[in-house]
Amino acid sequence: MSQSPTQLPAWQTLIDHQKSMADVHMRDLFRQDAQRYDKFNVNAAGIALDYSKNRVTEETLKHLIDLAEQAKLPEAIQSMFNGDVLNQSENRSVLHIALRNRSNRPINVGGENVMDTVNATLNKMKTFAARVHSGDFAGSTGKKLRTIVNIGIGGSFLGPKVVSDALTPYWQEGYDLRYIANIDGTDFAETVKDLDYETTLFIVASKSFGTLETLKNAEAAREWFFQQGGKPEEVKNHFVAVSTNIPAATGFGIEEENMFPMWDWVGGRYSLWSAIGLAQMIVLGAETFEALLQGAHNMDEHFRTAPLAENLPVILGMLGIWYQNFFGVESHAVLTYDEYLQDLPNHLQQVDMESNGKRVTRDGGDIDYQTGAIIWGGTGTNGQHAYHQLIHQGTRLIPADYIMPYRSHNPVADHHPWLFANYLGQQQAMLEGKTEAEVVAELTAKGMDEEKAKWLAPHKVIPGNRPCNSITFEKVTPEIVGALIAMYEHKVCVQGIVWDINSFDQWGVELGKVLGNAVYDAIESGNTDAYDSSTAAQIAAFRKANS
Ligand code: F6P
C-alpha cells in the first residue's frame, strides 16, 4: 500500500520551513558561513557535486532526508537492486543496473540469475564488434563495414547518441556512425544520401520491434539497399537487430544469429547499456564500452551503499523536490559546458519526463502535488546568448545544473579557461545577482546623473538567489559519461519513489500512436466523417497538396 508524500510528517515540516527560507538570500548564507562550500558538496564515481548555491541550510537538508526516509527510499533502492517488481503496472523488475553490474553480483528474477544472460549478450556484442573490425563479418561484396547506421527512436536513439557524441575522441579510426530516428523522410534521405551500401551496416534497434518509425525506416533502408544493388540473400550481411521480439525481427529477414537480445526488465530509456548500445560498441570498441559500464556501475554502487545525506543522486533528487513541491518551480535546466555533451539535455528529457510525467500514484490514486519537472537546456556558452536572460531576469525561478570538465579534449588557445570563466560567471550571476545600489553606483561612476541612474536601475537589477548545482569532473571519459548518465537515472528514481509514482512505465505515449494509425487510414481513404472540423480540414488540405 503506497502513501502520499503529502501525508508524511516531513512534508508538513518542509512547508513550514519553506516559509522561513522564502526570503533568505543565498548571498547572505555565503557571507554568514565561510565554510558553506565544505558543508554542501559530495563526490562519487569521479563526479563532484557542489550544491552550496542552493536555497538550503543544514536544517533544510535534514528535513529533505527525513522525507526520503519516511517515503522509504532506502528500502526502494534495495528493492530495485534485488530485482523486485518495481514497475507494477507492467509487472516488471527494473534492472538496467544489472547491465553494468561489473561486480557480477547475482541478481535473481523469477529464480534465474540475470547476470548469465547479461554476460552472454555482452560477449556476443564483443565478438560481433571484433568480427566487424577484422572483416570476418563483412559486407556482401567482401568489403569491411565502415558506416554503422542505427535505426531506432526514443531510448533506442537518444541515450546511445549521447554516448557516441560524448565519446567522439574515443572512436575507432575509419568508422562512421549515423542515426535514423524520425518518420520524417528527410531524416532518412539525408542520412543515406552519400552512403556506400557495400560498407554500410544497419542496426535495427527496437526493444519491441513494433515501433512505427523504426519499422518504416528499417523497411526504407532495406529498399534502399536493394536499389543500390544489394540482393535479398545479402540482407544478412548488412542488417542486424536488437530486440526482445525475435519473431518480428525474423519476419523482417534478419538471421537469428544476427539478433541481439533485450529483456522486458530494461526500460527503453534505460537501455543504452544493453545491446541497444551495439553501434557504440562497434565504433568505440569493447574496452571503451566496458569503461562506460564501469563508470555507471561505480555510480550504482555509490547510490546503493552511501547514506542518504551523502548520496549524490539522492541529494540531486531531493533538491528538485524542494523546489518543485515547496517553491512552485516548474522546470529544471541542464546546462553543459562541453560541446561533446550537447545532447545530454535531450536524453535527460526522455529519462526524466517519460519516467516522472505521471499523474497517479503507484496504486492508481489521484495526485494533488507536482511530479516530473520540465527538463530543458543546452550548451554553454551558446545558451548564454539566448535563454539565460530568462533564467537571470525572468519571472520564473529555474534551478539549473551546470556541468563542466576541468580539462578539455581540445585545448585550443585559451578557450578552455574562458569557457570555465563563463561557466562560473553565470553561476555567480545566479547566486549574487546585482542590487539596485550596485547598479546605481556603477552608472553614476560612469557619469550618469543620479535621477537617470535610478530610473534605469530596475532594468539592470538582477535579483540573484537562483539556485544551481555545479557538476564537475576531470575530463569527458567513458567512465565519467557512464557515471553521469547513471547519476541522472537515479535522481529520477529517487523523485519517483518520494512522489509515490511508477517511474518505469510510459502509458501516456501510447494514445498518440494509436490515434496516429487511425488518422493515417483517413488520409488514405479521404473519409474524415469521424473527425472534428479542424482535423478534417487539415486532412483534406494534405490530400490536396499531395494529389
Ligand atoms: O516513445 C515511447 C517508447 O516506448 C520509449 O519508451 C522507447 O524508448 C521508444 O518508444 C522506442 O521503443 P522501441 O525500442 O521498442 O522501438
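Helices (H or I, at least four residues) and strands (E, at least two) are DSSP runs, numbered from the N terminus. This is a predicted model, in which local features need pLDDT of at least 70, side-chain atom pairs count only at pLDDT 80 or more, and totals for chains, interfaces and linings use all residues. Residues are numbered from 1 along each chain as its sequence is written, and side-chain values use heavy atoms, with hydrogens and water left out.

**Backbone**
- Thr381 is placed in the loop between strand S11 (374–379) and helix H17 (388–393).
- Gly380 and Thr381 are joined by a cis peptide bond, with omega about 15°.
- Phe209, in the loop between strand S7 (200–205) and helix H10 (212–228), has a positive phi of about 50° although it is not a glycine.
- Most peptide bonds are trans, and most residues other than glycine have a negative phi.

**Ligand**
- Around the ligand there are 14 residues, of which Gly155, Ser156, Ser206, Ser208 and Thr211 come nearest; a residue counts as near if one of its heavy atoms lies within 4 Å.
- This shell has nine polar, three charged and two nonpolar residues. Ala, Val, Leu, Ile, Met, Phe, Trp, Tyr, Cys and Pro count as nonpolar, Asp, Glu, Lys and Arg as charged, and the others, Gly among them, as polar.
- Ser156 has a polar side-chain atom 2.7 Å from an oxygen atom of the ligand.
- Ser206 also has a polar side-chain atom 2.7 Å from an oxygen atom of the ligand.
- From Lys207, a polar backbone atom is 2.8 Å from an oxygen atom of the ligand.
- On its own the ligand has 400 Å² of accessible area (Shrake-Rupley method, 1.4 Å probe), and the protein covers 86% of that 400 Å².

**Helix H23**
- The 13 residues of helix H23 (residues 533–545) should span 18 Å at 1.5 Å a residue, and the end C-alpha atoms are 18 Å apart, which agrees. The expected span is 1.5 Å times one less than the number of residues.

Technical notes. A polar contact is a pair of N or O atoms within 3.5 Å; within protein, one must be able to donate a hydrogen and the other to accept it, and residues adjacent in sequence count only if both atoms are side-chain atoms.
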